[in-house]
Amino acid sequence: MTDGARARVSARVGAIGESATLAVDARAKALRAAGRPVIGFGAGEPDFPTPEYVVEAAAAACRDPRNHHYSATTGLPELREAVAAKTHRDSGYPVSAGQVLVANGGKQAIYQAFATLLDPGDEVLLPAPYWTTYPEAIRLAGGVPVPVHTDESSGYLASVQQLEAACTARTRVLLFCSPSNPTGAVYPPDQVEEIGRWAAEAGLWVVTDEIYEHLVYGEARHVSMPVVVPELADRCVVVNGVAKTYAMTGWRVGWMIGPADVVKAAANLESHLTSNVCNVAQRAALAAVSGDLAVVTAMRAAFDRRRQTIVRALSEIPGVTCPEPHGAFYAYPSVHGVLGRELRGRRPATSAELAELILDEAEVAVVPGEAFGTGGYLRLSYALGDEDLVEGVTRLHKLLAEAR
Ligand SMILES: Cc1ncc(COP(=O)(O)O)c(C=O)c1O
């Protein structure tokens, strides 16, 4: 639609697509509200309620007038201290409270990190498949996302050689996410170190997203890049939050940790953007990060059980290949073997078309790989109840086995 000679929406914002993951989830919820028995593998959030002691801290915070007014943009001092202590406890990264900037979720921290680090035309190396928000956050900051494609043959891990090949004189930042959304891939510690050393030598900044740090399974281990490559600390921003670890997606508390000058600049931006994060939510986050990790251990055991169930079930479907995810709560199977074949009178050529067909015919919601920069794949979140999970993959198997 145009308004005289120019579009009514700015080119910058008009170029932003809807979050595909939220769109799939919204469509599944709408169908369910209309009475359809849809099983949703779309949502990127734990199905557990927030732990009771966290909820109690928030309830108490509501009644405390100290929390009824504006507070410091950078975050409640107690929370910044607790995040610094938690970071040291969990990943061994020694940081001060002054290096912590609390934000409205890890998502805002990502936006602020890119807005603070990028000038127009700066390139960001972005291993693909990537979380759907990264390229939008990079472009909105004037940057240029440069996808570095990986596939199931490497377990969706980018190598230094691939990164080196994509690096140019304009490259400013490497985005690193392990465990990964959408693939569940976890970089082995020596590969994190190799990539970190390469980035440090290349003079790049690293934005490392550690939001799934506690959700690793089997032999996999999460290591924080600036811990294994300490010389990177002065050019590194760590993003994290309470959403995935403590089943607190709706509370909207995350943070970025970085060098003092970058954190100060990002805080200036945040002061004009959103002011402080809701004080009640910050008090809840304080209870979460100050507590022990017992609730996390229990949730991780449930995710691990579902992970094994889903990988086994997906691998039995003809035309589907599912590498074992070692972290987060996603499986990312290739469906190349199904595409182009006849299925219930249709012939899906892309994973987007296949995902639509699956929703229509099996009433199962999955997110197509196009949302993560790699068509030909589906993302299934296994953060849903065990029974629904089994019913969902059974329906999927029945449908896809009909492909001719
Ligand atoms: C890789 C990754 N980073 C960051 C986030 C943001 O989490 P939140 O904004 O809920 O803290 C998500 C959420 O889906 C994610 O998957």
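Visitor: At what angle do the axes of helix H13 and helix H14 cross?

Guide: This is a predicted model, in which local features need pLDDT of at least 70 and side-chain atom pairs count only at pLDDT 80 or more, while totals for chains, interfaces and linings use all residues. Residues are numbered from 1 along each chain as its sequence is written, and side-chain values use heavy atoms, with hydrogens and water left out. The axes of H13 (residues 351–362) and H14 (residues 386–400) cross at roughly 110° and come within 10 Å. Axes are lines fitted to C-alpha atoms, for helices over the stretch in contact, and angles run from 0 to 180 degrees between N-to-C directions. Helices (H or I, at least four residues) and strands (E, at least two) are DSSP runs, numbered from the N terminus.

Visitor: Which residues in H13 meet H14?

Guide: Leu354, Leu357, Ile358, Glu361 and Ala362 do, against Arg395, Leu396, Leu399 and Leu400 in H14; contact means heavy atoms within 4.5 Å.

Visitor: Now the sheet: in what order do the seven strands run?

Guide: The order is E4-E10-E9-E8-E7-E5-E6, in an open sheet with mixed pairing. Two strands pair if DSSP finds at least two bridges between them. At the edges, E4 (100–103) and E6 (144–149) each pair on one side only. From one strand to the next, the twist averages 20°.

Visitor: In what sense do E9 and E10 pair?

Guide: E9 (residues 236–241) and E10 (residues 254–257) are antiparallel, over four bridges. Gly241 has Gly254 in E10 as its bridge partner.

Visitor: Which helix packs on the sheet there?

Guide: Helix H10 (residues 260–273) does, touching E4, E8 (205–209), E9 and E10. The direction of H10 makes about 25° with that of E4.
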